[in-house]
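These are my notebook entries on one protein model. I record what I looked up, entry by entry.

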Amino acid sequence: MKLIIAIVQDKDANQLSDEFIDANIRATKLSTTGGFLKSGNTTYMIAIDEKRVDEVLAMVKEASHSREEFMTPPVNLDASMEGTTAYPVKVQVGGATVFVMPIEQFQQF
């Protein structure tokens, strides 16, 4: 058995949940926040047979899209007031962060 922890953007979470249901993959879904933009994420915890790990990873990869967004960096108030206007910058967000770990014991009650 393996434990897969997959962190995806909220924008991709519903599609991934539907794919898990269609493939009969049980996943615990957690709302999380983090990343560079402190945006909403969804973290899935999945205990899965080792033979199905590649299947789950393919689903996560297919559903998790990288995209570009604009963000305005915070203004440094310690600096002089000259040039403190912050301009939006384009950053790449999205995709997925996935951890695969061995499970010593797994039980459902």
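**Entry 1. The nonpolar core**

I began with a term: a nonpolar core is a set of buried Ala, Val, Leu, Ile, Met, Phe, Trp, Tyr and Cys residues joined through side-chain atoms within 4.5 Å. I also noted that the model is a predicted one. I then looked up the largest nonpolar core and found that it has 16 residues. The residues with the most contacts inside this core are L16, F20, I25, I46 and V56. Next I asked which elements give two or more residues to the core. They are β1 (2–9), α1, β3 and α2 (53–63). Of these, α2 gives the most, with five residues. I set a general remark beside this entry: in soluble globular proteins, nonpolar side chains tend to be buried together.

**Entry 2. F20 and the aromatic pair**

I looked up F20, which is listed among the core residues with the most contacts. Is F20 buried or exposed? F20 has a relative accessible area of 2%, and buried means under 20%, so F20 counts as buried. Leaving aside neighbours within four places in sequence, I found F20 in contact with I25, A27, Y44, I46, V56, M59 and V60.

I then searched the whole structure for aromatic pairs, and the search gave one. A pair of aromatic rings is described by the distance of the centres and the angle of the planes. For the rings of F20 and Y44, the centres are 5.3 Å apart and the planes stand at 85°. Why is the pair edge-to-face? The planes of F20 and Y44 are at 85°, and an angle over 60 degrees counts as edge-to-face, so this pair is edge-to-face. F20 lies in helix α1 (residues 10–22) and Y44 in strand β3, so the pair ties together parts that are 24 residues apart in sequence. I checked Y44 as well: Y44 is buried, with a relative accessible area of 1%.

**Entry 3. The open sheet**

In what order do the strands of the open sheet lie? I read the order as β2-β3-β1-β6, four strands with antiparallel pairing. The edge strands are β2 and β6, since each pairs on one side only. From one strand to the next, the twist averages 20°.

I looked at β1 in detail. Six of the eight residues of β1 are buried, and the strand is thus mostly covered. β1 pairs with β3 over eight bridges, in the antiparallel sense. Within this pairing I located I5 opposite M45 in β3, and I4 has I46 of β3 as its bridge partner. β1 also pairs with strand β6 (residues 96–102), again antiparallel, over seven bridges. There I found K2 opposite P102.

I also recorded how helix α1 is placed: α1 lies across β1, β2 and β3, and runs at about 25° to β3.

**Entry 4. T43 in strand β3**

I found T43 in strand β3 (residues 39–48). T43 is buried, with a relative accessible area of 8%. Which side chain makes a polar contact with the side chain of T43? I identified T32 as the partner, at 3.0 Å. Not counting residues up to four places away in sequence, T43 touches I5, A6, I7, T28, K29, L30 and T32.

**Entry 5. N24 in a loop**

I placed N24 in the loop between α1 and β2 (28–34). Phi of N24 is near 60°, a positive value in a residue other than glycine. N24 has a relative accessible area of 62%, and exposed means over 50%, so N24 counts as exposed.

I looked up H65 and found it in the loop between α2 and β4 (66–71). H65 is partly exposed, at 37% relative accessibility. How far is H65 from D12 in sequence and in space? The two are 53 residues apart in sequence and 7.2 Å apart in space, C-alpha to C-alpha.

I then turned to A96, which has its place in strand β6. A96 counts as partly exposed at 38% relative accessibility. Leaving aside neighbours within four places in sequence, A96 is in contact with I7, V8, V60 and S64.

Conventions: Residues are numbered from 1 along each chain as its sequence is written. This is a predicted model: local features need pLDDT of at least 70, side-chain atom pairs count only at pLDDT 80 or more; totals for chains, interfaces and linings use all residues. Side-chain values use heavy atoms; hydrogens and water are left out. Buried means under 20% relative accessible area, exposed over 50%, partly exposed in between (1.4 Å probe, protein chains only). A polar contact is a pair of N or O atoms within 3.5 Å; within protein, one must be able to donate a hydrogen and the other to accept it, and residues adjacent in sequence count only if both atoms are side-chain atoms. Contact means heavy atoms within 4.5 Å. Rings of Phe, Tyr and Trp (its six-membered ring) pair if their centres lie within 6.5 Å; planes under 30 degrees apart count as stacked, over 60 as edge-to-face and the rest as tilted. Two strands pair if DSSP finds at least two bridges between them. Axes are lines fitted to C-alpha atoms, for helices over the stretch in contact, and angles run from 0 to 180 degrees between N-to-C directions.
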